[in-house]
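Q: I am new to this structure. Please show me how to read its features, one at a time.

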Amino acid sequence: LCSGRVEVNHKNTWTSVCDSDFDWQDTEVVCRELDCGAPSVIHRGAHFRQGQGPLGSEQFQCTGQESKLKHCPTAARPEQSCSQSRALGLTCTGYTGFRLA
């Protein structure tokens with residue numbers, strides 16, 4: 001839950017986030033929303049494998065104070081400016097390396 005590829009549900013479709021579209025403030029919001037502590041590592045270049053669906057078409061512009069990613073302002077990402085090989089990954093400090101299944 002606290003480590004993996006960042007995906008956003010947009011109109012009932014999961015979309016990967018491009019690694020160039022996210023900064024530290026954006027990752028703070030994601031880790032907080034997942035209740036996973038603070039961000040510790042931003043993984044660029046599909047570290048957690050490429051996504052299966054389309055890439056998101058928006059760039060998030062969070063201040064870092066928002067409680068949810070959907071509360072962050074967004075801007076349109078230029079067409080064709082990213083590929084699945086650049087899907088963003090994130091590890092938050094709440095990642096323990098084990099889970100209950």
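Q: Is Thr 27 buried or exposed, and at what relative accessibility?
A: Buried means under 20% relative accessible area, exposed means over 50%, and partly exposed lies in between (1.4 Å probe, protein chains only). Thr 27 has 0% relative accessibility, so this residue counts as buried. The model is a predicted one: local features need pLDDT of at least 70, side-chain atom pairs count only at pLDDT 80 or more, and totals for chains, interfaces and linings use all residues. Residues are numbered from 1 along each chain as its sequence is written, and side-chain values use heavy atoms, with hydrogens and water left out.

Q: Where is the place of Thr 27?
A: Helices (H or I, at least four residues) and strands (E, at least two) are DSSP runs, numbered from the N terminus. Thr 27 sits in helix α1.

Q: Which residues is Thr 27 in contact with, leaving aside its neighbours within four places in sequence?
A: Contact means heavy atoms within 4.5 Å. With those neighbours set aside, Thr 27 touches Phe 22, Pro 39, Ile 42 and Leu 90.

Q: How many helices and strands does the protein have, and in what pattern?
A: Count 1 helix and 7 strands. Along the sequence the pattern reads β-β-β-α-β-β-β-β. The radius of gyration, taken over C-alpha atoms, can be set against the globule rule, 2.2 Å times the number of residues to the power 0.38. The protein has a radius of gyration of 13 Å, close to the 13 Å from the rule for 101 residues, so it is as compact as a globular protein of that length. Along the principal axes, its C-alpha trace spans about 40 × 30 × 25 Å.

Q: How many disulfides does the structure hold?
A: A disulfide is a covalent bond between the sulfur atoms of two cysteines. The cut-off here is a pair of cysteine sulfur atoms within 2.5 Å. The structure holds 3 disulfides.

Q: Which parts of the chain does the pair Cys 2 and Cys 36 link?
A: The sulfur atoms of Cys 2 and Cys 36 are 2.0 Å apart. This pair links distant parts of the chain, 34 residues apart. Cys 2 is in the segment before β1 (3–5), and Cys 36 is in the loop between α1 (24–33) and β4 (39–43). The torsion about their S-S bond is about -75 degrees, so the disulfide is left-handed. Cys 2 and Cys 36 are both buried.

Q: What does the link of Cys 31 and Cys 92 look like, left-handed or right-handed?
A: The S-S torsion of Cys 31 and Cys 92 is -85 degrees, a left-handed link. Cys 31 lies in helix α1 and Cys 92 in strand β7 (residues 89–92), so to speak distant parts of the chain, 61 residues apart. Their sulfur atoms are 1.9 Å apart. Cys 31 and Cys 92 are buried.

Q: Where do Cys 62 and Cys 72 lie?
A: A disulfide joins Cys 62 to Cys 72, with 2.0 Å from S to S. Cys 62 and Cys 72 each lie in the loop between β5 (58–60) and β6 (74–76), so the pair ties together parts that are 10 residues apart in sequence. The link is right-handed, with 105 degrees about the S-S bond of Cys 62 and Cys 72. Both Cys 62 and Cys 72 are buried.
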